[in-house]
Structures are given as C-alpha cells and as structure tokens.
Amino acid sequence: MLENAAFIIAQITNPLNLLLLLVGNVIGIVFGAIPGLNGTMAVMLFMPLTYGMSTGPAIVFLLSLWIGGCSGGFIGSVLLGIPGSPSSVATCFDGHPMAKKGQAGRALAIGMTASFIGTFFSAVVGAILAQTVANIAFAIGPWEYFGLCFMAITMVLAISKGNMLKGLSSACLGLLLASVGYSPIDAQARFTFDNMYLMGGLGMTVVLIGIFGVSMMIIAHAKGFDPLPTVDTNMIKGIGIKFSDIRENIVNIIRSFLIGLGIGFLPGMGSGLSNLVAYSMAKNNSKHPEAFGTGNPEGVWASECSNNASIGGAMIPMAALGIPGDSCTALLIGALTIHGLEMGPMVFRNSGDIVYLMFVVVAICAAVCFVLQAIGMRVFPQILKVPYHYMYPALIVVSLISAYVDSSSLYKCGMMLFFAVIGCIMAYGGLPQSPLILAFILGPTMESNMLKAFQNTETVATFFTRPISCVFNVIAICCVFSPVIKMVFARVVKKEDKKVDTAA
Amino acid sequence: MKVTRDQITGAVIVALGIFVFVMISSFKVPFKASYPGPKALPGLAAIGFVICGAGIFLEGCRNKVEKTFLVKEGWIKLIVNIVAIAAYILVMKYLGFFIATPVYLYALSTWYAKGYETKPVTRIIFSLGMTAVIFLAYQIAFGYQLPMGIFG
C-alpha cells in the first residue's frame, strides 16, 4: 500500500475530489435518511454523471454517495420509525422508541458514532486483509451460504417478542413472498398469475415500505396518536453522548463490528442482514434483554455499528474476487468496469493504487459523514416537531411516490397498498415484522444456494458433512427448537426444586 | 362462543398453507430428494404455515383473554385510510400527481387533525408546499417522471 501513497495523497488532496466527496456525502445522507431512497439508489442515479470523469474523481464521488447513504439510514429509523433501507431496519426497534421517549438527540449521536466506528475501522481492516482474507472465501460453497441464510432467519426469531410460532409464521410469509416470480435455475413461474409485474418478483421497496411504513401509519391513526415528544436540542452536549457510553458498550461494539465485517464479506450478504443479526446477538447477550424494543441504546449501537462495518467487509470480495458483497457493490463493479478496472485477483497487481484509494476514500468519507451529521444533528430532531396530522399524510404520499419511481408504474403503488393491508393483518394477528423482512431478503439467496448444493452432490447429507455448513445448520436447528429445549430444561429444574422442597 | 384473535389468525395461516400447497402442486418440475427444485422454498413455507397456524389456533383455544386490537371507531378509520389511499392512486392515474396529491394531502391532514386546532389556510399551504417539495425533489432534482394522468 505504501508504494501507492503518493498517488492516494494526490487524489485526496485534489480540490475537485474534495468537493465531490463533500457533495456526494451530503446527497448520500439525504438519500439514506428519506424512506424509500437509499445509497444504492443514489449511486444508480448519479453513476452516469461519472462516465465523463477520470477514474479517481469517479471513485471518490460514487463511494461518497454509497457511504453517505449507508450512514444516513439511521436518521429516518430514529426519527420516523421507518427504515430508509433494509440496513437500518433493526435501528427502528430501539432508535425510534428512544426518540419517542424524548432521547432523539442521544439516539442520533449513537447512530452517527456507531456509523463512523463501523465504516472507518472496517475500511482499515479491509485494506489490511483484502488480499489474504479473499483466499479463504474460495473454501465457502453453496452449502455454507444456505446454512448461513438459514441460521440468520432462525436467529432473528429470537426478536419475535416471545411467540416463536408467530415469528415462524412471519418468516414463512417472507419465504413465500420471496418465491414470487421465476424460480432460480429452473425458471418455473411461481405465484405470478400470468401478471407481468410479478414475473420479476416483488420489489424490496414496495414490500418493505408497505409492510413496515404505510401500515404502521394507518394503524397509528386508527389507534389514536400519542402526544408528540419534545426534543430539547440544548440538552445535547458535544455529540450528545460521552466517551463513557462507548466504553460501556465496547463489547457490544466489537461484537457487532465483527458480525458486520464478517457478513459484509460474504458475497450476496450485506448490511441488510448484519444489522438484524447483530441486534439479535446484542439482545441475547444483554443483561437486560427485556429492555430491547423499548428504547435500549445497546440496540442502536449494535445495528448501526454492524451495518456500517459491512461496508469494509463487502469491499474485500468486491476488490479481490470481483464478487459483489451487496447490491451497491454490484453497481460499483459495473461502474469501475466502464472506467477500465476489472475487479478480481489481478486488480491488486494491475491497479493496486486504485484499490487502496477506494479503502482510503471510504475511511475519509466516514469521518466527513460524522462531521456533517454532528453539525446537522440539532436540525434532525426538528422533524419530530411536525404534528402527526402533517407528518403522516406527507409520509404516506412520499412512500407511494417511492413505490411509483421504483418502476414508473402506479401498479407498484397498488402493490404497496396491498402490502400495507398485509402489514395491518399481521399487526392484528400479532405477527412480528422483522422475520418476514429477513426471510424475504434472504429467501432468494438461500434458495439458489440450496439448489446449487443439490446440483453438486444430490444429497442433503453434504449440508452436515462439511464442517462450516454443519455448524451453521445445527445452530439454526437449535434456534428453531430453542423454546422446546428451554421448556424441557425449565421442567427438569422445577422437578428438581420440588424434590429438594419435599426432602426439606 | 367467543372466537379469539389467535384462533382467527391461526385459521387464516392454515388456509394460506393449504392454498400454497395447491398452487405448488401445479409446478412442472417435480420435487425429488436428490433435487428439490422450485417447490422447495414455497413448500417449506406451506409446511410452516400449517404447523404454526395450527399451533396458534390451539393457543387461541387455551388463552381466551386478549387485548382489544382496535375499537369500532378505529376499525372505521383503518378501512377509510385504505380506501383513501386506493382512491388517491386511482385519481393520480387519471388526473395526475398535481391534482391528486394536494387534494389528498388536504383531505387527509384535515381528517387527521380532528381534535387539534388547525387553520384551513395552514393545511392548504402544507398541501401545496408538500406537493411542490415532492415535485422538486423527485422530478426536478432526481429526474423521475411523476404521473401526469390525462395531462401527460
């Protein structure tokens, strides 16, 4: 990396690049904060602009859009309770309740600090380990991917707030929705009803905002609005949190960082999964798991640190193998190809300077986002001062327009309304939403890897004879049966206690 | 006999599972132990629906005490909200974004503000202002073409 230092310094001190970095971060944060928009969409929208630029400025601009979008996702989750993107779904669980309790500033400060830690250090780790770690990925096959997806879905059932059957039903609904459209490998049309809009599957924006956002607003109005919390921005000192907050959560931060880095590294997985897994792990390892979902800062630390740590993790396979870590890195690979950069094992030898520039730009973007959010943080809570009778109608319209722009079709708005109704039915039945969303996001990856695995070995036994795959699948099965295991243990303990009492 | 929410939910989930089973039975690629094919994922969901739905139904039979989800007025609000969104989408299809959006925003903010002190002028400014912001953000700044209806 050191031999490329002169090139990297020249690029990052170039005034045009600095301007592009700043503008890209601001646009990215705005895209991340607004429900329905996200960093991926920002990259997609502004990518054509970079075609006329040289490679350095193009990389700086695209990466700053991506990092800004990832970092800004927590703002909508905290202030509105609507995730800007799948990567900030888990931030809603505790970030929004914190805002409702009048701690919006603190939740935002935790979000931006965790985002900075996750992005900055993952970029550092990525730059150091890219070449070495990439080799390990060659050992991971479809059996392991399936096991990881299966484990992730079953682990999230831990956040089903007590009812495993309802959590499982919700996950099954997610799998069903994920199977709409043509199946992988066999191209069998499933649940399309000869409708061309369903052939390509259900759009993530439509499902996510319909079930999570619109239904939430409709039910909130039907139940009657709670009084608006007041946010005293004068109470926010410095960045709203103290250094001791970081120290108290250091284990949670490190664990979430490693989860984010690891999941981000695996191709096809990204921040959409890491935030939910890290949240689930934080809850399971907390001294007060019952406080999760009610405004526990630990949940925000876990979610935001992990989803941003996925950035550095996703960059490793992107650079070293040419395999996208998530949808945004897939776009970046396409954009870089246009600039003459073929990502893959050879890129370190042919264009090592550009690869290391990417990691440095990501680290700088993390710092710039942190500063921008620290300056703008006192402005973000003002959104909560907007009365519900203005905020909710505006958000419903923005959600519907987001669905429309997804494919320039009002049919998508109708689909969003359908999913809003599904969200209302789920709320009536007490079905949790997060297992559905996780199963919906992971369903296609899980299915295609399962089918690839069967194509290779034609037996289910291989899922348990490969060590890593076996570990993932056994954990998943244990997660499914954890209520039964707990019940059996509880009965045994109760019997023992009775015996002791009788003897006494 | 009182029917609980869990009983209704369980029954609906079981019915959904049966529906999925019927649907996947028409898939051409067969399910085999050596290669489960396209039936595997929805089939797994269907099995889950039937087992979990039955479990939720039985829990509903055991536990008859439950919180009220919505009062009668709440149900009316919920249904009106859904109908209003459907009407908004339909009006947007024929009359376009610029007519449908301010009308919908004004009507919804007036209804949502019931019980609060608001002035019609404020609501009109909000409706027109929000429409303008969406237009500027999506169409002017980001280049998305918003629905124009018959004016397009």
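What follows is a set of questions and answers on this predicted model.

Q: How do you know how confident the predictor is in chain B?
A: The score to look at is pLDDT, which runs from 0 to 100. Chain B has a mean of 90, and 98% of its residues reach 70 or more. For the model, ipTM is 0.94 and pTM is 0.71.

Q: What makes up chain A in terms of helices and strands?
A: Chain A has 22 helices and 2 strands. To count here, a helix needs at least four residues and a strand at least two.

Q: Why is a residue called buried, and what share of chain A is buried?
A: A residue is buried if 20 or more other C-beta atoms lie within 10 Å of its own. Of the 504 residues in chain A, 60% are buried.

Q: What makes α4(A) "mostly covered"?
A: Of the 26 residues in α4(A), 24 are buried. Each of those 24 residues therefore meets the cut-off of 20 or more other C-beta atoms within 10 Å.

Q: How do you know what span to expect for α4(A), and what span does it reach?
A: The expected span is 1.5 Å times one less than the number of residues. Helix α4 of chain A, residues 55-80, has 26 residues, so 38 Å is expected, and its first and last C-alpha are 38 Å apart.

Q: Why is there said to be a kink in α4(A), and where is it centred?
A: A bend is the angle between axes fitted to the seven residues ending at a residue and the seven starting there. In α4(A) the kink is about 30° and is centred on S71(A). After the helix comes G81(A), with a positive phi near 75°.

Q: What describes the packing of α13(A) and α19(A)?
A: Two packed helices are described by the angle between their axes and the distance between the axes. For α13(A) (residues 271-285) and α19(A) (residues 434-457), the axes come within 10 Å and cross at roughly 145°. The crossing is left-handed. G272(A), L273(A) and L276(A) in α13(A) meet S434(A), L438(A), I441(A) and L442(A) in α19(A).

Q: How many residues does each chain bring to the contact between chains A and B, and what makes two residues count as touching?
A: Two residues are in contact if their C-beta atoms lie within 7 Å. Chain A brings 50 residues and chain B brings 53. On the side of chain A that touches chain B, α17(A) gives the most, with 13 residues.

Conventions:
Residues are numbered from 1 along each chain as its sequence is written. Chains are lettered from A and ligands numbered from 1 in the order in which they are written. This is a predicted model: local features need pLDDT of at least 70, side-chain atom pairs count only at pLDDT 80 or more; totals for chains, interfaces and linings use all residues. A residue is buried if 20 or more other C-beta atoms lie within 10 Å of its own, exposed if 12 or fewer, and partly exposed in between; C-beta atoms are placed from the backbone. Axes are lines fitted to C-alpha atoms, for helices over the stretch in contact, and angles run from 0 to 180 degrees between N-to-C directions. A crossing is left-handed if the near helix is turned anticlockwise from the far one by less than a right angle, and right-handed if clockwise.
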